Amino acid sequence: MGDFDPEFTLDEALATIGFGRYQYLLLAYGGLGWIAEAMEMMILSFIGSSVQSEWNLSPTEKSLISTIVFAGMLVGASFWGIVSDSFGRKKGILGVATITAVGGLLSAFSPNYISLIIFRCIAGIGLGGMHIFTSWFLEFVPTPNRGAWMIVLSSFWTVGTIFEAALAWIVSPSLGWRWLVALSSVLAFIVLLFYGFVPESPRFLFMKGRIVEARSILESAALLNGISLGTGMLISDQRHDHDTASENTHLLSPKREKNYCNSSSSSLSVLFSMKLIRTNLLLWFLYFGNTFSYYGIILLTSELSSGESKCADITLHSVKDQNSSLYIDVFLTSLAELPGLILSAFVVDRLGRKLSMALMFVLGAILLLPLLSRQNEILATTLLFGARTFISATFTVACIYAPEVYPTNIRSTGVGIATAIGRIGGMVCPLVAVGLVNGCHQAAAVVLFVIAILLSGLSVLLSPFETNGRNLSDNLGNT
C-alpha cells in the first residue's frame, strides 16, 4: 500500500501496519483477560472438597458448585456476544471484566452454600463473555501468521491455569479456600484498571459506519509501530464480487456493497439464517464436545487425585496424601498445555485449522483408552498429561477458527452462541466426572470422554471450509 493509493482496505492497512509495539500492548491486555478467566475456571478443581468438608455437602451439592458456573457462562456467552456486536468490543470487555471481578470477590465472603452458588453463578455470567477478548484482538492482527499470533494470545490461558494451580498449592493448605478465591479475582480487577487505555476494534467501527474513528485508531497503530499509513480512502475489505452462492462464499468472500454499514438485519436473524445452518451446527458440536472433554480431563485428574473415590481402579494417590497430590497433579497436568501450545502454533498455519484439530483429537482419544483399566500412578498421570496436551491444543485452535468463520457484524454473537453451547458440555461434565468416578464407574466416564473427542473431530472434518490464510470478512454476503 503506497502513500498515494486512492483507496485501501482494512486488511491492507493492517498488513502495512504489521505486528509491532501496538499489537504487543493489545496482546498484553488481552492476555490479562485470558489469565483472569483461566484462574476463575481452575478454582473449580480446588475448592470443591474444602467447601464440601466445611459445610457437609453431598456429592451432588459439591458438583453443583462447578455446574452453576457453567450455567452462568451459558447465559453470559450469548448475552455478551450480542452486546459486543451491538455496542462494541470495548463495552463488552468492560461488562465481562466488571461482573467477573465482583462475582469472584464476593464468592470469597460467602456465608453459606446458597450464597456461594449465587456469587459463582454471577461470576460465571461474566466469564461467559471472555471470548470477546479473542474477537477484539483478532480484529487488530494482519492475516499473515494470524493463527500463530492468536495461539500466543491463547497461551495466556495456560499461564493462568499454571499460576492458579501454584497459587492453590501455596495458599489453600495454610489460608483456606476463601483466600484462594479472593486472590484469584485480582486479575479481573487489573483488567478494569487498564480499561481506559483500550481502543475499540477498527473493524467494528468501520462496520458501524464510524470510518473517521476507525482510521484514527489505525493511524495511532501505525504511528506507534513506526509506519506511515498513507493518505488514501479506507474502503470495504471485499473488493470483488463473487458469483457463487455457497456457504463458504457467504462467510469468507461476501460481496462488496456500498451500503454494507446499513444492514437492517439483526445479528441473531443473520446468524440463524439458512446460509449458516451447517456451519452453526458443526461449530456448536465442536464446542460442546471439546469443552466436555477438556474439563473432563481436568476434573478426572482432580477426582482420581483426591482419594475420595472408594474404588481402586485408577486412583492416583492414597488418602493420606490426597491434599498435596491434588495440587501436584493439577499443576503437572496444567503444564501439559505448554507442549500443546507449541504443537498447535507449529501446525495451525501449516496444516490448517481443520486438519490440525482432527489430528490432535484422535491422538488425545488414543491416550485416554488405557485408562479404561487399572494403571499405576505414573502411567495414569502421564496419560492424562498427554491427553490434556492434545485436547487443550484443539481447544486453542477452535477458539481461533470460530471467530475467523463469522463476519464482523455477527462475530461475537456467533462465537458467543457457540461458547454457550460449549458451556452446556461444561455443565454436564462435572456430574459425569464426579458422579461416575465416585460411583466406581471410571471406565464409563473415560468412554464418554473418548466418544465426545472423536465426534468433535468428525464435526471438524465435516465443516464446509478452511479459514487458514483468508482475510476476515465484515458482512455476510447476499445470494
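Modeller: Before we look at any residue, take burial: a residue is buried under 20% relative accessible area, exposed over 50% and partly exposed in between, with a 1.4 Å probe and protein chains only. Keep in mind that this is a predicted model, in which local features need pLDDT of at least 70 and side-chain atom pairs count only at pLDDT 80 or more, while totals for chains, interfaces and linings use all residues. Residues are numbered from 1 along each chain as its sequence is written, and side-chain values use heavy atoms, with hydrogens and water left out.

Biologist: Is Glu37 buried or exposed, and which residues is Glu37 in contact with beyond its neighbours within four places in sequence?

Modeller: Glu37 has 6% relative accessibility and therefore counts as buried. Its place is in helix H2, where helices are DSSP runs of H or I with at least four residues, numbered from the N terminus. Taking contact as heavy atoms within 4.5 Å, and leaving aside neighbours within four places in sequence, Glu37 touches Met73, Leu127, Met130, Trp157 and Arg423. Glu37 and Ala123, 86 residues apart in sequence, are 9.9 Å apart in space from C-alpha to C-alpha.

Biologist: How many aromatic pairs does a search of the whole structure find?

Modeller: A pair of aromatic rings is described by the distance of the centres and the angle of the planes. Rings of Phe, Tyr and Trp (its six-membered ring) pair if their centres lie within 6.5 Å, and planes under 30 degrees apart count as stacked, over 60 as edge-to-face and the rest as tilted. The search of the whole structure finds 18 such pairs. Tyr24 is partly exposed at a relative accessible area of 44%, and Trp149 is partly exposed at 22%.

Biologist: Which residues do ring pairs link into a cluster?

Modeller: The cluster joins Trp34, Phe70, Trp157, Tyr294, Tyr295 and Phe395 through ring pairs.

Biologist: Where does the charged end of Arg350 sit?

Modeller: A charge sits over a ring if NZ of Lys or CZ of Arg is within 6 Å of the ring centre and within 35 degrees of the ring normal. The charged end of Arg350 is placed over the ring of Phe346, 4.2 Å from its centre, and Lys90 lies over the face of Tyr195, at 5.4 Å from the ring centre.

Technical notes. Helix = DSSP H or I, 4+ residues; strand = E, 2+ residues; numbered from the N terminus.
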